Amino acid sequence: QEIENRYHMVFESANDAIFILKDYHYIDCNLNSVKLLGIPKKKIINSALWEVSPLLQFDGKPSKEKAIKHMEKALKGTPQRFEWLHQCANNTIIDTEVSINKFEIPGEDFLLAVVRDISERKKFEKEVYISTFKGEENERSRLAKELHDGLGPLISACKIYHHNLNELKF
């Protein structure tokens with residue numbers, strides 16, 4: 001009983017969403033899973049990972065196909081870590097990082113999935129990318145203007161001097 005109480009305490013107090021899966025379906029989840037997805041626990045239980053995901057993932061591949069592939073690898077003993085799009089109750093899509101590991105209870109294999117919301121990190125990465133792109137574009141424009149306004153007249157002046165030197169007869 002004491003060990004079970006400790007398990008529940010750790011399970012429920014984790015900062016991340018935790019799901020336990022059997023045969024590709026959720027059989028348990030913690031409170032943060034419910035908060036993350038905005039879906040009642042009773043609707044999460046017995047659903048599959050791809051049922052709380054958009055039809056396609058960010059790479060254009062079907063969620064169901066990708067989910068099964070990752071879970072099969074995990075069931076064979078290779079821990080999986082990957083980014084995943086989840087669809088919340090209000091139909092918003094969130095970026096998550098999923099870690100799936102196999103664990104055994106005598107005679108049965110289960111999967112433990114720890115899911116972390118990385119939406120803020122992805123938003124920040126996008127902002128950094130856009131800022132970098134804009135900075136590079138501004139630098140290209142500045143360099144082009146400098147070449148046009150600075151070197152252009154200089155080259156024209158050299159051409160005129162060269163023409164005038166050719167006109168002079170020594």
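I looked up Glu125 and found it partly exposed, with a relative accessible area of 39% (buried means under 20%, exposed over 50%, partly exposed in between, with a 1.4 Å probe and protein chains only). The model is predicted, so I note that local features need pLDDT of at least 70 and side-chain atom pairs count only at pLDDT 80 or more, whereas totals for chains, interfaces and linings use all residues. Residues are numbered from 1 along each chain as its sequence is written, and side-chain values use heavy atoms, with hydrogens and water left out.

I then followed Glu125 to Arg121, with which it forms a salt bridge, the closest N and O atoms being 3.5 Å apart (a side-chain nitrogen of Lys or Arg within 4 Å of a carboxyl oxygen of Asp or Glu). The two are four residues apart in helix H5, and are therefore separated by about one helical turn (helices, H or I of at least four residues, and strands, E of at least two, are DSSP runs numbered from the N terminus). Salt bridges that share partners join Glu83, Arg121, Lys122 and Glu125 into one network.

Lys122 is partly exposed at 25% relative accessibility, and Glu83 is partly exposed at 29%.

Searching the whole structure, I find 14 salt bridges, including the one between Lys41 and Asp28 at 3.1 Å, N to O.
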